[in-house]
Amino acid sequence: MPDVITTLNKLIDPEVMADMITGKIPKKIRVIPFAKVDATLEGQPGSTITVPSWGYIGDAYDVDEGADVTIEAMSTSSKTATIKKAMKGVSLTDEAVLSGYGNPVGEAANQLALSIAAKVDNDAMDALRTSTLSYDGTSAKIAYNGIVDAIDVFEEEVNTEKVLFVHPAQVTTLRKDSNFISADKYKEGVMLTGEIGMIANTRIVPSKKVVKIGYIKAESGDSGAVKIVDETATPSSGESKLSSLTAGDFWDSEERAVFVPEVNDYVVPVTAAYYLNPLVKLEQDDETEDALPAITVYLKRETNVETERKPKNRTTEITADRFYVVALSNESKVVLAKFKA
């Protein structure tokens, strides 16, 4: 009987691993399950997409018999988004693959899936934070009344399902609210991914991606502005080391994004740190609202896995990537609710 040789190309199959990673990604994310995935870009040329948004032509009105109706011009607004590549890689020695504890190849797939999922999910949360609709509830911690006020920013004609992303540190406050309905009281099969309960017809999903804002980006002449100095410097009045600013994250109001200030940048501390909680409409009334979802993942290429053999040190490098872009495709479906930390 001939010898049976176990080769690494049997233990590490890029196509099988790509399917494994693709299957694992949805289970490791919080925001993307509430987004639409658009794969129409796959196989198409170009790296930039245009995200359209239709304007409303206005309500209909009475027209006398025989009179002409005024013809309205339809309008659109749009923004562009550039396809990006999320990528991660690991290296496995032959010893690890052939005799390692547990399942090193399976763990590599798991780690790569987690890494790419986290990146796509981070981008989705970043996209939600670009919405200009907001509710200022910074005077109080998160509670039923504040959530209702945030919902009313939508000016809904029909009450629709929503999801509110909260920081885990806000969960205890919500659980103690008498209006909170814990997910363990739901009927079987009605809970969404990551959901812990519901309040004011809004599903609550905890995520550490929810940021606590402690500082706002500023200019040198702004009142209360603090200049960031090098960690080795001795700060004077109106200056601070970045490591000393620990009240929360840094928010760029103009770019509508979290940022990390650099030396010589200026920031203004907020009066009281607050959480920035995205409130997202999950459904729409097809008769009165645009059918576009709040956020869309435009997929250029699904997860791709490649391996490269390094014979000098008997290792195999495994890399995975995904080409995509996440965009806020319907701003009217996202309200940024601010609640006191």
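**View 1. P104 and its contacts.** Neighbours within four places in sequence aside, P104 is in contact (heavy atoms within 4.5 Å) with L92 and A96. This is a predicted model, where local features need pLDDT of at least 70, side-chain atom pairs count only at pLDDT 80 or more, and totals for chains, interfaces and linings use all residues. Residues are numbered from 1 along each chain as its sequence is written, and side-chain values use heavy atoms, with hydrogens and water left out.

**View 2. P104 in its helix.** P104 lies in helix α4, residues 104-128. Helices (H or I, at least four residues) and strands (E, at least two) are DSSP runs, numbered from the N terminus. Is P104 buried or exposed? Its relative accessibility is 17%, so P104 counts as buried. Buried means under 20% relative accessible area, exposed over 50%, and partly exposed in between (1.4 Å probe, protein chains only). T93 sits 11 residues from P104 along the chain, and their C-alpha atoms are 9.8 Å apart.

**View 3. The buried side of helix α5.** Helix α5 spans residues 144-151, and its buried residues are G146, I147, A150 and I151. They lie on the same side of α5, because they cover an arc of only 140° around the axis. The arc is that of the directions from the helix axis to the C-beta atoms. An α-helix has 3.6 residues a turn, so residues three or four places apart point the same way.

**View 4. The whole chain.** The protein chain has 6 helices and 18 strands. Of its 341 residues, 39% count as buried. Among contacts with a separation of 6 or more, 78% join residues 24 or more positions apart.
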